[in-house]
Amino acid sequence: MIEEDFSSKRKQGTVTSPVITDDTDAFENTLRPQDFANYIGQTEVKKNLKVFCQAAKKRGEPLDHTLFYGPPGIGKTTLSLILSKELGTNLRITSGPALEKPGDLAAILTNLQENDFLFIDEIHRLRSSVEEILYSAMEDFVIDIVVGKGPSARTMRLNVPRFTLVGATTKAAMLGGPLKDRFGHVERLRFYESTEVQKIIERSAGILEIDIEKEAAEKLAHCSRFTPRIANRLLRRMRDFAEVLHNGKITLKVVEEGLDNLCIDNRGLDYADQMYLKILGEKFKGGPVGLSTMAAAMGEDENTIEDMIEPFLIREGFLQKTPRGRIVTELGLSQVGVKNLLAV
Ligand code: ADE
């Protein structure tokens, strides 16, 4: 339910939409593939989505509500864009934190056109009052709003156009059951193979008319954490180094030098990751160390450490999280050149 006189505000044109970003990153947008044929990787997900799209088109219905989950930067927004293009409809983009009040969501829903896609990024961060509006909208394409205040307040039911909700989250476990159950399909996006990332780099270089050696693209792919967004960002930086310090062509030498300048090592660890492993290895003798101690030692907040630094270190086998605290592995120590503590 929406506890505000939303309909009259809408008539007066005073409801302000929450930030609907169609253009979060102009650069990223220029590189986004526009159809399945140009989308590299996520083969199994793509195969299923193509079938679901064809079925929806055949029936003249919107696609079932879809949930994408997986790490950041691996193509959730891009796939949503492709879905909307495939079905010839619009894609409206917003995010969980941007929808502050139920009225924010209601304003978007009532302005959709039939069969449109609504993409909600970080859907696990929706407030419960906003999430509740979604339930009936997803199931029956209606929303219940409260008109007026105090004793004279009454509930009004509004129809919304039939639409497809695409939810995206990096934290599927934080999504409540009632919301998760309303998605017709849930797709897990995985990290990319290095060979796929290399193809993405070569494709992006082609679009941006960047001359890049095969070995250079391969090296960049290895340092991109299996993530297209990181690969494209590194490609841009290498272009800067190549254009300013060299003759414009991205060679293996340019990449090696460029990665060194950016303090990115051969596995894609950046300065903060390397510092984390060194501090844990040298200062705390390998651990175990609690999150708050690590955060204080790094001068970072706990969320940054837990969400931005640790997942990749754990995934790559450099770090272990135990009930007693964080422990650096032998692999982690050797990655940052700290002597094996057990051998001393
Ligand atoms: N750019 C970013 N992600 C991509 C992908 N999966 N395929 C092709 N180009 C991309």
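Select Pro102, Leu105 and Leu109 in helix H5 of this predicted model. These residues meet Ser129, Val130, Ile133, Leu134 and Ala137 in helix H6. Colour the contact of H5 with H6 by residue class: 7 residues are nonpolar, 1 is polar and none is charged.

In what order do its strands lie? The order is S3-S4-S7-S2-S8, an open sheet of 5 strands with parallel pairing. Select residues 91-95 for strand S3 and residues 185-188 for strand S8; these are the edge strands, each of which pairs on one side only. On average, neighbouring strands of this sheet are turned by 20 degrees against each other, with direction ignored.

Within the sheet, select strand S4 at residues 117-121 and strand S7 at residues 164-169. Strands of a sheet pair through backbone hydrogen bonds, either parallel or antiparallel. The pairing of S4 with S7 is parallel and extends over 4 bridges. Select Ile120 next: the residue opposite it in S7 is Gly167.

Finally, display the whole protein chain and colour it by domain. The domain assignment gives domain 1 as residues 2-188, domain 2 as residues 194-261 and domain 3 as residues 271-335. The C-alpha centres of domain 2 and domain 3 lie 28 Å apart.

Key:
Residues are numbered from 1 along each chain as its sequence is written. This is a predicted model: local features need pLDDT of at least 70, side-chain atom pairs count only at pLDDT 80 or more; totals for chains, interfaces and linings use all residues. Side-chain values use heavy atoms; hydrogens and water are left out. Contact means heavy atoms within 4.5 Å. Helices (H or I, at least four residues) and strands (E, at least two) are DSSP runs, numbered from the N terminus. Ala, Val, Leu, Ile, Met, Phe, Trp, Tyr, Cys and Pro count as nonpolar, Asp, Glu, Lys and Arg as charged, and the others, Gly among them, as polar. Domain bounds come from an automatic or database domain assignment. Two strands pair if DSSP finds at least two bridges between them. Axes are lines fitted to C-alpha atoms, for helices over the stretch in contact, and angles run from 0 to 180 degrees between N-to-C directions.
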